Amino acid sequence: MDRDPSHAELDERTRRDLARLADGSLQGHPRAQLEARLAGSPELRAALERQRTGITALRSLDLEAPASLRNRIAAQGATSARGAHRRRLALGGALAGAVTAAVLAALLVLPRGSESPSVVEAARLAEQPYTAPVAVDPSNPKLLAANVEGVSFPSWSKEFGWRQAGIRSDRLGNREARTVLYEHDGKRIAYTIVSGDGIAAPSDSSTTRRNGVNLHALSDRGRHVVTWWRDGRTCVVSASGVDDRELLKLASWKGDGAVPF
């Protein structure tokens, strides 16, 4: 039997983007592109509805599923048929009678997180000194002339008084991580962008939505940390002596569209 060519639309990236659209984390140009595809594809619209159904069902299970199981699902995601089969067996034993077929289907296409590196590891790069200067992008004064896989760092100096002090580059596992340090009134904020697919936020983080962006706040060794995704890349800001309110404001700033998400 010939394969339905419409299934080609559901490649791994499309599945991840559908899941991010369903939970509200897909923003900017990628969201507009996917919504345009949805308008002309009944299959994609049906897949989106399955995602929404699965996410709703998963959230309803938060008080019933063991924390260790939920954390493992959030961190690992599904990347292969073999892995999907093992998770179905594990879920069948742990949540028998509580998980519907829709939830099982959704688990197979939720965005992939990463066991290594973690958001906390990325945040701890803030403890390292910067190694080079960084300038404002001459073509866009609301961005800096530094990026990770096309995701640029914002320029906060004019809008908020946070001036970029320098930049450093590191490796977290097999990923590139770049960190810009900003200074203002004797305080310092570190902003790290990590290459590759988005890293799942820690399970103990609190989630809020600002300016259309899903942000996750947590603390680590006395530092306030906020993490979110921009164009599928993991962003982490952290600081000591700067409260969550300020970090959330800076993280969600879009510069009237000049800072792409």
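The following questions and answers look at aromatic rings in this predicted model.

In this predicted model, local features need pLDDT of at least 70 and side-chain atom pairs count only at pLDDT 80 or more, whereas totals for chains, interfaces and linings use all residues. Residues are numbered from 1 along each chain as its sequence is written, and side-chain values use heavy atoms, with hydrogens and water left out.

Visitor: How many aromatic pairs does the structure hold?
Guide: Rings of Phe, Tyr and Trp (its six-membered ring) pair if their centres lie within 6.5 Å; planes under 30 degrees apart count as stacked, over 60 as edge-to-face and the rest as tilted. Counted in this way, the aromatic pairs in the structure number 6.

Visitor: Why is the pair of F160 and W253 given its class?
Guide: The ring centres of F160 and W253 are 5.4 Å apart and the planes stand at 85°, so the pair is edge-to-face.

The pair links distant parts of the chain, with F160 in helix 8 (residues 157–160) and W253 in the segment after helix 9 (244–251), 93 residues apart; helices are DSSP runs of H or I with at least four residues, strands are runs of E with at least two, and both are numbered from the N terminus. The class of the pair is edge-to-face.

Visitor: Is W253 buried or exposed?
Guide: Buried means under 20% relative accessible area, exposed over 50%, and partly exposed in between (1.4 Å probe, protein chains only). Because its relative accessibility is 12%, W253 counts as buried.
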